[in-house]
Amino acid sequence: MEIRRKLLPLTVHILIGFTITGTTGEDNPEETGPYFEGDIIFSPIKPFSGRLDERYRWNNKTVHYKFEPNYPNQLQATFKRAIDHISERTCVKFQPRTEWDADYIYVISSTSCYSYVGRQGGVQVISLPNTCNSLGTFIHEIIHALGFYHEQSRPDRDEHVEILWENIVAGKEVQFRKYDVNQITTYEVNYDYSSIMHYRSTAFSKDSANLNTIVPINSTEPPETIGQRKGMSPGDILKVNRMYNCV
Ligand SMILES: [Zn+2]
């Protein structure tokens, strides 16, 4: 509890949350959260530092984790499936935090799902509540903690998707920010519509039943296919493996 209290001031970056429903009837709950890009919280140290910066990597390719007291068993089970999913496909390992591990993620159940991007140093929260209880969403948030932003934040995204700014809820345009090449790298992996880190086509839409906010261009990919939350795509796997020098 004390840790959570200490970290609460970080939520000063909160924007107003709202609810959207997807055309497919399924939500990506992390896209509806009140945080930057729905589910990212800024580093208190250097907010706009990107994943290129090596200091955001986990040492020894290992993420230590600790559940808050009373973190529900069924969410612990989803978390364990999510870390197994990642560690079976990459060289990143996950281990319960011991008293000797200074850096670790502290898994809490707050009002929405969110994560920092990369290792912050010391304890860092990751919020995975019941409203986000799906394997894909847990994997998505944990990949943020490994050091990845959203796929459509890539420097080259405008060659692959069009942002329909007029369809975005007023004030939410910031959720479609992209980063430059000094901040993030694509690891020379092609733009990936099937990434688990991609928004779906109606994210932050004024009218999610009828209006897309992000659509593939120069591609035969239909809008409905982006934003999957089933599992890591081949591109996701390659990028994590390259970030952590697995391959
Ligand atoms: Zn996210």
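The protein exposes about 11,000 Å². Carbon and sulfur atoms supply 51% of that area. The model is predicted. Of the 247 residues in the protein, 55% are buried. Contacts between residues at least 6 apart in sequence were also examined: 76% of them join residues at least 24 apart.

The protein contains four helices and seven strands. Along the sequence, these elements follow the pattern α-β-α-β-β-β-β-α-β-β-α.

Five strands form an open sheet. Their order is β2-β1-β3-β5-β4, and the pairing is mixed. Strands β2 and β4 (114-115) are the edge strands, each pairing on one side only. Helix α2 packs on this sheet and touches β1, β2 and β3. The direction of α2 makes about 175° with that of β1.

Strand β1 spans residues 62-67. In the sheet order, β1 stands between β2 and β3. Strand β1 is mostly covered, with five of its six residues buried. Its pairing with β2 (residues 93-96) is parallel and extends over four bridges.

Helix α2 covers residues 73-89. Together, β1, α2 and β2 make a β-α-β unit, and this unit is right-handed.

Helix α3 covers residues 135-146, 12 residues in total. From its first C-alpha to its last, α3 reaches 16 Å. This is close to the 16 Å expected at 1.5 Å a residue. How many residues of α3 are buried? The count is 11 of the 12, so α3 is largely enclosed by the rest of the structure. Buried here means under 20% relative accessible area. The buried residues run from Gly136, Thr137, Phe138 and Ile139 through His140, Glu141, Ile142 and Ile143 to His144, Ala145 and Leu146. In an α-helix there are 3.6 residues a turn, so residues three or four places apart point the same way. After α3 comes Gly147, which has a positive phi, near 130°.

How values were computed:
Residues numbered from 1 in each chain as written. Predicted model: local features only at pLDDT ≥ 70, side-chain atom pairs only at ≥ 80, totals over all residues. Heavy atoms only, no water. Helix = DSSP H or I, 4+ residues; strand = E, 2+ residues; numbered from the N terminus. Buried < 20%, exposed > 50% of the residue type's maximum accessible area, 1.4 Å probe, protein only. Contact = heavy atoms within 4.5 Å. Areas by Shrake-Rupley, 256 points an atom, 1.4 Å probe, with all protein chains shown as cover. Pairing = 2+ DSSP bridges. Right-handed = clockwise from strand over helix to strand, strands pointing away. Expected span 1.5 Å × (residues − 1). Axes fitted to C-alpha atoms, helices over the stretch in contact; angles between N-to-C directions.
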